[in-house]
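Please look over the model below. The briefing that follows covers its ligands and its domains.

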Amino acid sequence: MKIALIGYGKMGKTIEAIATSRGHEIVHRIDINSSHLLEKESLSQADVAIEFTTPETAYHNILKCFDAGVPVVCGTTGWLEKLPEVKATCLEKHQAFLYASNFSIGVNIFFALNQKLAELMAGQPSYSVRMEEIHHTQKKDAPSGTAITLAEQIIDKIPGKTGWVNDPTQDASQLYIHSKRIDPAAGTHIIDYHSTIDDITITHTAHSREGFAAGAVTAAEWIKGKKGIFNMGDVLNL
Ligand SMILES: NC(=O)C1=CN([C@@H]2O[C@H](COP(=O)(O)OP(=O)(O)OC[C@H]3O[C@@H](n4cnc5c(N)ncnc54)[C@H](O)[C@@H]3O)[C@@H](O)[C@H]2O)C=CC1
Ligand SMILES: O=C(O)C1=N[C@H](C(=O)O)C[C@H](O)C1
């Protein structure tokens with residue numbers, strides 16, 4: 001398969017190593033200095049584009065892929081306010097788009113676990129819930145995209161929770177997500193249900209970027225030749 005890598009930073013380079021080890025060809029490595037390669041003529045040489053850039057650039061890069069008729073797998077976080085618009089454009093232009101806040105198998109299993117635990121805790125008002133996420137200091141967005149996905153699952157299930165905040169709060173309707181930036185953390189997410197009697201805590205710790213990159217390549221292999229809007233649950237059958 002021919003892959004255009006949009007974003008050739010920490011994730012782009014890890015994805016390249018895994019994709020080439022699986023026999024794929026990288027036809028473009030596009031970073032901030034080579035955005036001319038986002039033109040239709042260049043992009044359309046690829047079977048799939050994998051986009052890991054910045055919160056400011058993801059939206060425009062995705063639209064360029066739609067214009068070139070190339071399916072796009074996007075892992076960039078911190079731009080979700082534009083997601084409904086991207087999905088609408090994808091359907092309007094009959095293109096293919098897959099976004100995941102986290103591509104690792106472990107985190108996608110953790111999402112299922114988080115949802116089940118929130119269902120069980122929904123009838124237990126003696127517990128309060130909080131979250132913590134730890135990442136490296138170069139990360140541009142807070143809270144992490146993964147933390148937002150986890151928070152949305154909890155807010156959907158726990159009565160009285162209507163939103164999340166990134167600062168400590170006394171407002172019980174808000175789920176507090178504590179963001180810590182410590183090198184070289186690849187990504188840790190902790191959910192803690194606390195009562196005066198006991199605590200129930202679940203944690204996912206990524207040991208490297210390999211799981212994210214492998215999942216993104218699997219998603220690219222899966223989306224090739226498809227049309228529509230997809231997520232990692234579709235790829236992993238979770
Ligand atoms: N969904 C997931 O599983 C994961 C998502 N991420 C997300 O992926 C994104 C990238 O992460 P890293 O690779 O660690 O960042 P990074 O800072 O190492 O790399 C970003 C790259 O984007 C390039 N770039 C900037 N503007 C561009 C543009 N207009 N066009 C093309 N390239 C451009 C930069 O030159 C740089 O090479 C972040 O939003 C991060 O949160 C990271 C890990 C896993
Ligand atoms: O920027 C990162 O590094 C990561 N970003 C994603 C996120 O925001 O959730 C996924 C992973 O946690 C690593």
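Which backbone lies 2.8 Å from an oxygen atom of ligand 2? The backbone of Gly-145 does, through an N or O atom. This is a predicted model, in which local features need pLDDT of at least 70, side-chain atom pairs count only at pLDDT 80 or more, and totals for chains, interfaces and linings use all residues. Residues are numbered from 1 along each chain as its sequence is written, chains are lettered from A and ligands numbered from 1 in the order in which they are written, and side-chain values use heavy atoms, with hydrogens and water left out.

**Domains**
- The chain is divided into domain 1 (2-103 + 210-236) and domain 2 (105-205); the bounds come from an automatic or database domain assignment.
- The domain centres, taken over C-alpha atoms, are 27 Å apart.
- Contact (heavy atoms within 4.5 Å) involves 12 residues of domain 1 and 13 residues of domain 2.

**Ligand 2**
- The shell holds 13 residues, each with a heavy atom within 4 Å of the ligand.
- His-135, His-136, Lys-139, Gly-145 and Thr-146 are the closest.
- Both domains take part: domain 1 and domain 2 each supply at least three residues of the shell around ligand 2.
- By class, this shell has 2 nonpolar, 9 polar and 2 charged residues. Ala, Val, Leu, Ile, Met, Phe, Trp, Tyr, Cys and Pro count as nonpolar, Asp, Glu, Lys and Arg as charged, and the others, Gly among them, as polar.
- Polar contacts are pairs of N or O atoms within 3.5 Å. A polar side-chain atom of Thr-146 is 2.5 Å from an oxygen atom of ligand 2.
- The side chain of Lys-139 places an N or O atom 2.7 Å from an oxygen atom of ligand 2.
- The protein buries 86% of the 320 Å² that ligand 2 exposes when taken alone (Shrake-Rupley method, 1.4 Å probe).

**Ligand 1**
- Ligand 1 is surrounded by 24 residues. Lys-10, Met-11, Gly-75, Thr-77 and Lys-139 are the closest.
- The shell around ligand 1 comprises 9 nonpolar, 11 polar and 4 charged residues.
- A polar side-chain atom of Thr-77 lies 2.6 Å from an oxygen atom of ligand 1.
- On its own, ligand 1 has 870 Å² of accessible area, and the protein covers 83% of that.

Methods. A polar contact is a pair of N or O atoms within 3.5 Å; within protein, one must be able to donate a hydrogen and the other to accept it, and residues adjacent in sequence count only if both atoms are side-chain atoms.
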